[in-house]
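Please walk through the structure shown here, taking the contact between the chains, a helix, some charged pairs and a few surface features in turn.

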Amino acid sequence: MKLEFLPEKALLLGDSLVVADLHIGFEEAMVREGNYVPKLLDRVVSSISKVLKRERPRRLVINGDLKHSFVPAWRERRELEAFFDGLSSYLGEIVLVRGNHDVGVGWIRKLGVEIVDSLELGRWKLVHGHRLEEGERFIIGHEHPAVRLRDEVGASVKVPVFLRGERLIVLPAFSPWAYGNDVTREIVSPFLRKFDVSKLRVLVPIEGEVLDFGELGRLTRVMRGL
Amino acid sequence: MIRWAEREYTDDEIFSILSDPVREWFKRKFGSFTPPQRYAVLEIHKGENVLISSPTGSGKTLSAFLSAINELILLGKEGKLEDRIYVLYVSPLRALNNDIKRNLEGPLAEIKEVAKELGYDLPEIRVGIRTSDTSSYEKSKMLKRPPHILITTPESLAIALNAPKFRERLKTVKYLIIDEVHALAENKRGSHLALSVERLQEMAEREFVRIGLSATIHPLEEIAKFIFGFDDDGKPRPGLIVDVSFAKQTEIRVESVVEDLIYTPASVLSDALYSRLAELVREHRTTLIFTNTRSGAERVAFNLKKRYPEFEGLIEAHHSSLSREVRLDVEEKLKRGELKAVVSSTSLELGIDIGTIDLVVLIGSPKSVNRALQRIGRAGHRLHEVSKGVIIALDRDDLVEVTVLAHNARNRRLDRVKIPKNPLDVLVQHLLGMALNKVWEVEEAYRVVRRAYPYRELSFGDFMSVLRYLAGEYAGLEDRKVYAKIWLEEGRFGRRGKMTRVIYYMNTGTIPDEAKIRVYTMDKRMIGTVEEEFAERLMPGDVFVLAGRTYEFIKSRGNKIYVIPREGAKPTIPAWFSEMLPLSFDLALDIQRFRGEAKGLINRRDAVSRLMRKYGIEERAARAIIAYFREQARYSTVPDDGTVLVEEVEKEETWEYFFHTLIGRRANDALSRAFAYAVSKWKGCNVGIAINDNGFLLRVPKEARLSEVELRELFRIEDLREVLKRALDNTELLKRRFRHVANRGLLILRRYVGRKKRLGRQQVMAVSLLRVLKEDHPDFPLLREVYREIMEDKMDVENAELFLSWVREEKVKVVVERHKIPSPFAFNLEAIGASDVVLMEDRREMIKRLHRRIMEMIAGES
C-alpha cells in the first residue's frame, strides 16, 4: 500500500488520508478559564480541505483526539459542528479512531462520522496510541512528537515530526496549538517504549515538503556535538 | 513645588511638638536626634510630603514614623483615638514586615510605660500586618477592629483596594509611608504601586501625607515626584527632599589579590583570595562579605572554614535560597556579635538591622555605584562611624571596572535610575480593579491614572486602547461577551462578568512566574532547581553548571530532570537564563575614558604610581591594570572613548566577531541584536550572540564570513528601533517576555479558580497569540507594551542609538582587525558562550539550512 508523508502533517495511506490530534475546542476550554485566545479553527478546516481537494482520498481517518475537553460542553459541540460543516463538500467516508480525549462524541455519528477503537488498513493497524494493543504494525498519534534542532551558532528550534519505522509510524499533532513533545528527552505513548525509538526515522514537515533527518538516535548524537 | 530641605531643626524645636511621654521616652532612649530626623520630623508634622534618602543606621524609619506616633499618642491621651487606620506602611520586602512590626511595638510599649510613670494611662496602639500570608480569620478581625498602623506590601495593597469592606477602612489613612523606594522605582512593581497610591488617594477622605524612604539613589527629584505624584494640571505635588546620604563617611579600597590577573592559574588565585579574606576577617571584629551570586556565597563560606579551621562556627552564609529559620538564626548570631564573618549574595544588602559590622568586603564588581555605597554603608553602624569597604577584583575587566566605580563612589557620582514609562500591562490590572469598585466616567479615570508618575504623560489614545481591550473590542464580535471583563459605553465603564473579581484577585501583581524544575541524580537525590525554559532546551549528553558543579543531563520525567555529576567536565550549555546585574551606561562611559587615560600611561615609567595616586588603588592593583593594558596594546588596539575595536577570529565551525563597545550590557543587548539581524538578512543564516558589559560577540557559520566593509556598514544602521523590533521576532526573549506581559495584562491567566496553570501551556498560548495579534492587531496595547518593555526597560535602546550617532559623527572611530586568537580584552566575552540567537526570518529556509548542515555532519560521521 502506498505510503506518503505530507507537509500538512497528514499521512496518505493508499486511498486514505490520516491525521491525528486535532484537539478541536481547545480555544473554548482556554476561554472558559478566563484567557483571551484567538480561534484557529478556520485554519484547521482550510488546511484539511486543501489536502482533501488535492489528494482526493476515499477516506479521511482522524486517528484520535478529534476534540480537546474531557468534559463535553455545548460550545465545544458547536465548534465540532462548525468543523464538520467546513468539510461538508468532502463526500468520502470519515472515520474517527477514538482517542483518550474523545469522550461524549457519539452524537457525531449523526453527521455521518463512523467511530471505531481501531482500524486495519492493509497491513497497518491504526490506533490512537494511549494504550497498547495486539498487532504487528501500528500507526499512532497521541505522542505529539517533536524534535529540537540545533546549529553551530547555538540556534535551537523545536519542530513537529513524523516518526517512521518498519512497524511503527507516529503522526505529529495536527492542532496548531500542540506544544510538541521532544522525543529525544521523554516519551509519552506506551508504544514508543515498546519499540526501539532510536531506529525511527525523523521526518520534518515544512511548507511544501518533508525533510528526512535520518534515524533519531544518530540525529541526537550528531546534535550533541553542536 | 519640590524643594530641598534646608532647615535642620534643633532638638528643642522637635521636642516642643512631641507629647510628654514621647518626648521623655525619646530623651531617655536616644537623647538627641539624627540628621534625617532633624530635617524630616517637623516637616512631616506640618503635613509636608517628604522623601528621605539616608544611609542605614541613621534612624530613617523612626524619622518617618515619629510624627505619626506622636499624633496617635496625643489622640490617645485626649481619649480621641478611634478604631481606624491612621498610618499605612508599604514595603516591597515582605520578610521585613515582622521586623518593622517589632520595631514599632517595642517603642510603643516603652512609651506607654513612660506615660504610666508620668501618671496617666494610654490606650493600646495597634500595629497590624496584611500580606498574602495573613489568614482570613485575621483579616476579618482586622476588618472589625482595624489596626492604627497597617503594614503591607504593594501587592496586598492593590488587593485591599478592591476588598469590598476593607477598602472602606483605608479611607481614613493620614500618613502613607513607602519604604525601600530604591527597590521599587525602577521596575513594574513600582508602577503598580504608584497607581495603587493614586487610587487610594482618590477614595481617601483627605490628602494624606506621603513619606518615601530610600537608600542612595539618583536623581532624587525624580524619585520625589514618583512618591508625591502629580496634580490634575500635570504639576508635581509639593514636598521636600531630605538628603542626608552624605552624612556617613565611606572609605573604599580596591585590591587585586595577585600581581598578574592574566597568567595566574585559577588555583593560585583562589589561594590568594582566601588567604587575603582570612587576613581581613582576623583583623576585624565582624566582617560582612558580599558575592554577586548565592552559590558564590556558599562557596566562599565553605572554603574559608575548610581552609581555616579557626573559623569553624564563626562564619556563616546568608542568602535568599536558605530557609527562613536558617537566615533568622544567622541574623540573630550576627546581632549578638557571635560571628566573625557572614557571606551574603544580596540578602543582607537592604533592611534588617544586623548589628555592628566594621568591614564590608565586596568580591567582584557590584556593577553600580549606588549598590556599592549601599553595601559598604552596612559597615559602621552609627552615623558618625566611617564605613569601611574593600572591593576585591578577580579578573582584569573587573579590576578596571571597580577602580572607576570606587573613584566615582568617592566623588559621589551616582548612577541614574530609570523609571518605566507607561507600562500598559500594569494599567490593565488597575483599570479592571477600578471597574470592580464602581462605574467610572472615562475622563475621571484618566485623570486619576495620570496623577501617577509613570503615567503622567499617558496619551488618551493609549488609555482608551486598554479600556477597549478590557471591553473585548479586539476579539471577534461574537466572542466579545466571553472575553469582556468590563463594559464600555457612552463615556463610562464598569465591571462585567461573574468571574472578573476572582480573576483580579488571583492574578494581580507584576512579578512573573518562573516555574522551577527539580534536578535529581539518578539515585534520586535532589540537587537543586533550574528554570523550566532552561530545562526544556537540554538534550541527553548536555553538560551544564548548577550551584557551582557540573552535571550531565540524562532524561526528563514530568517536572523533574535526571543528571549524573561530571566533575570537571566543560559545560556544553551555558546557563544563559540567569540575568546578571547590568553596568550602567554612565559608569560604562567613565570606564571608556579611563581606558583612554590608561592607554596614555602605558609607555610611561611612572604609570603605576600615577594610577595609584589618581584612583587611590593599591600598588598590586595598579600593576595588574598596567600589565593588562600593555598586553592588549602589544597584541592589538586598546578600545576607549574614541575607538571601537572589532576583531575577527576563526573558529573550527564558525567565524566570531568581537565588538568592543563598552556601553553596558543593556545597550549592548540592543545593539548586538540589531547587528545580528542585519547579518542574518545579508547572509541568510542564524547568528549567535554573546553579550556582556564591555561588548558583544556575533557568531556566524563558516560560509557567512563578513568583510571589513560589511562590518563598518553595521554601524550605519538607520532606524535602530525598527531593526531591533524585527530582530526580536522569533526570539525566545520576545516569547518569554510576551508571556510575562500577557500574564500581567490578564490576557493569559496565571491562576484561575485556585488552579495554577502549567507554564508550558501558557507559553504555547503566548506564542500563538503573539502571531495572531501581530497579523490582526499590530496596535494591540499589550503587543506594544512587550516591545517597549524589552527595548526600554530590559535593554537600553536610547543609549545604543546615542552611541551609534557618535560613530556616525566620527567622534568614535571603528578599527577592524583579524586575529588568530582573541585579544586579551576579548577573553571574558569569549568565555560567556552564548546569550541568545537571532534566527533567520524565513523559518522554512532556516529548517532547510539546518537540514543540509545536519545531513552533512551525519555523512561525515559515518
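The model is a predicted one, and a place to begin is the loop of chain A that runs between strand E4 (59-62) and helix H3 (74-86), where Phe70(A) has its place. Phe70(A) belongs to a nonpolar patch on the surface, which it forms with Val71(A) and Val103(A), and the three residues together have about 280 Å² of accessible area.

The size of an interface is often given as the accessible area lost when the parts come together. By that quantity, chain B and chain A bury about 5,300 Å² between them, with 57% of it on carbon and sulfur atoms. Within chain B, the residues that lose the most area to chain A are Tyr483(B), Glu536(B) and Met539(B), which together account for 13% of what that side buries. In terms of residues, the contact takes 64 from chain B and 51 from chain A. Charged pairs also cross between the chains: the count between chain B and chain A is seven salt bridges. A salt bridge also joins the side chains of Glu209(A) and Arg844(B), at 2.8 Å from N to O.

The buried residues of H11(B) are Leu269(B), Ala272(B), Leu273(B), Tyr274(B), Arg276(B), Leu277(B), Ala278(B), Leu280(B) and Val281(B). These buried residues pack against several elements of chain B, among them strand E9 (250-256), helix H12 (294-307) and strand E14 (387-393).

What does the charged side chain of Arg276(B) form a salt bridge with? Its partner is Glu255(B), and the closest N and O atoms of the pair are 2.7 Å apart. This pair links distant parts of the chain, since Arg276(B) lies in helix H11 and Glu255(B) in strand E9 of chain B, 21 residues apart. Both Arg276(B) and Glu255(B) are buried.

In helix H2 (residues 20-29), Asp20(B) and Arg23(B) are three residues apart, about one turn of the helix, and their side chains meet in a salt bridge of 3.9 Å, N to O. Asp20(B) counts as partly exposed because its relative accessibility is 32%, and Arg23(B), with a relative accessible area of 24%, is partly exposed as well. In helix H24 (residues 619-635), Glu619(B) and Arg623(B) are four residues apart and therefore separated by about one helical turn, and their side chains meet in a salt bridge of 2.5 Å, N to O. Glu619(B) is partly exposed at a relative accessible area of 39%, and Arg623(B) is partly exposed at 38%. Elsewhere, salt bridges that share partners join residues of chain B into one network, which includes Lys188(B), Asp425(B), Arg721(B) and Glu801(B). Over all chains, the count comes to 98 salt bridges.

The walk ends at the segment before strand E1 (2-4) of chain B, where Met1(B) lies. Met1(B) counts as exposed because its relative accessibility is 69%. Leaving aside neighbours within four places in sequence, Met1(B) is in contact with Pro238(B) and Gly239(B). Although Met1(B) and Gly239(B) are 238 residues apart in sequence, their C-alpha atoms are 6.6 Å apart in space.

Terms used: Residues are numbered from 1 along each chain as its sequence is written. Chains are lettered from A and ligands numbered from 1 in the order in which they are written. This is a predicted model: local features need pLDDT of at least 70, side-chain atom pairs count only at pLDDT 80 or more; totals for chains, interfaces and linings use all residues. Side-chain values use heavy atoms; hydrogens and water are left out. Patches are made of residues with over 30% relative accessible area and no salt bridge: like charges are joined within 9 Å, nonpolar side chains (Val, Leu, Ile, Met, Phe, Trp, Tyr) within 5 Å. Accessible areas come from the Shrake-Rupley method with a 1.4 Å probe; for residues, only the protein chains shown count as cover. A salt bridge is a side-chain nitrogen of Lys or Arg within 4 Å of a carboxyl oxygen of Asp or Glu. Helices (H or I, at least four residues) and strands (E, at least two) are DSSP runs, numbered from the N terminus. Buried means under 20% relative accessible area, exposed over 50%, partly exposed in between (1.4 Å probe, protein chains only). Contact means heavy atoms within 4.5 Å. Buried area is the accessible area (1.4 Å probe) that two parts lose on being put together, summed over both.
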